[in-house]
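Hi,

Here is the structure I promised to pass on. Have a look at it first, then read my notes below.

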Amino acid sequence: MKSGLVALIGRPNVGKSTLMNYIVGSKVSIVTPKPQTTRFRILGVKNLEGAQIVFVDTPGVHQAKSALNKYMVEVAIKSIEGVDLIYLMVEAGDYIGEEYNFIFDALKKQNVPVFLVINKIDKHSKEEIDKTEEDFAKLFEFKEVFRISALRGQNVDKLLEKTIEYLKEGPEYFPRDVITDIPLALAIAEIIREKLFLNLRKELPYSSAVNVEELKERENGMLYVRAVISVAKNSQKGIVIGQNGKMIKKIGKDARMEIQEMVKSPVYLELFVRVEEDWPKFESKLKKLGYVLPD
Ligand SMILES: Nc1nc2c(ncn2[C@@H]2O[C@H](COP(=O)(O)OP(=O)(O)OP(=O)(O)O)[C@@H](O)[C@H]2O)c(=O)[nH]1
Ligand SMILES: [Mg+2]
């Protein structure tokens, strides 16, 4: 039996969560076209014959200013501590910004193999991909390099095969029927947050947090969910609710459909919008909204 932890790290939007979901075969981490979607460390378990790989999805590393952004980067950096293997994921054709100094410093501190995983090859030219590989290879000693499309699953089998080769003998960390470590309330809150990201524009997704405050199975088999969307400004509250409640209804419906699919029972979802003045700027408010560093 081989087992180990494999962390995915990289800039926002490169496709870390997409890759983890593809490998695990289930949507354990939310995905949107907007950068900075993931805010937590989320585990995804892949069971294979004779091996168990525990993937660690992380928030995108970026140049952070607000307390929320700093928290996200800290989660990412902290999440690679103690893992057995790291994938540095990049998008083909991406520029190498200053945040890479930070990423490479963190990688060097961990004395574990690092794979360069060049993603989104389905939408970039061979020249771009070659150039990306060449540029990154100058900056760090990667053990292996892969060119993949997480969206289409291209070359992911090869990546997995090599990953297993690098893992050591070890126990199963999770029972075979477990695919993630996040509790149901958080999984539901994340689905709602995904719908906020997909339906809202500009700074709104970045000013929203979601907390499930009540989760109860009713006698008729229906799951009752009460969730609070926290926004940073009074003016944002109106936008999230929308004219005649149109926006919040749409978000609620989108979320409810997906939650129902996940829990396989009817769901009654009640959404409330609360103003937590400028919450992304304050550490104390982050904690209150559940943004606590993993241990
Ligand atoms: N064309 C293409 N798009 C991809 C691929 N992988 C991911 N995407 C898209 O890229 C966007 C971002 O994907 P995510 O998986 O959320 O990226 P992430 O790295 O987890 O982003 P953060 O959580 O913000 O750090 C989504 O719209 C995905 O559908 C790929 O291989 N090809
Ligand atoms: Mg993500």
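Helices α6 and α8 are oblique to each other, because their axes cross at roughly 140° and an angle has to be over 145 to count as roughly antiparallel. Keep in mind that this is a predicted model. The α6 and α8 axes come within 9 Å, and their crossing is right-handed. To find the pair, look for residues 184-199 (α6) and 246-263 (α8).

Which residues meet there? On the α6 side they are A187, I188, I191, I192, K195, L196 and N199. Facing them in α8 are M247, K250, I251, D254, A255, E258, I259 and M262.

Next, the nonpolar core. The largest one has 74 residues, and L8, I9, F55, I86, L88, V117 and A227 have the most contacts inside it. Helix α2 (residues 67-79) gives the most to this core, seven residues in total. Where does the core lie relative to the two domains? Domain 1 (2-169) and domain 2 (184-288) both give residues to it, so the core lies between them.

Leaving out residues up to four places away in sequence, V117 touches Y87, L88, M89, F146, I148 and L159.

Last stop: D181, in the loop between β7 (168-169) and α6. D181 and E161 are 20 residues apart in sequence, and their C-alpha atoms are 24 Å apart in space.

Cheers

Technical notes. Residues are numbered from 1 along each chain as its sequence is written. Chains are lettered from A and ligands numbered from 1 in the order in which they are written. This is a predicted model: local features need pLDDT of at least 70, side-chain atom pairs count only at pLDDT 80 or more; totals for chains, interfaces and linings use all residues. A nonpolar core is a set of buried Ala, Val, Leu, Ile, Met, Phe, Trp, Tyr and Cys residues joined through C-beta atoms within 7 Å. A residue is buried if 20 or more other C-beta atoms lie within 10 Å of its own, exposed if 12 or fewer, and partly exposed in between; C-beta atoms are placed from the backbone. Helices (H or I, at least four residues) and strands (E, at least two) are DSSP runs, numbered from the N terminus. Domain bounds come from an automatic or database domain assignment. Two residues are in contact if their C-beta atoms, placed from the backbone, lie within 7 Å. Axes are lines fitted to C-alpha atoms, for helices over the stretch in contact, and angles run from 0 to 180 degrees between N-to-C directions. Angles under 35 degrees count as roughly parallel, over 145 as roughly antiparallel, 65 to 115 as roughly perpendicular and the rest as oblique. A crossing is left-handed if the near helix is turned anticlockwise from the far one by less than a right angle, and right-handed if clockwise.
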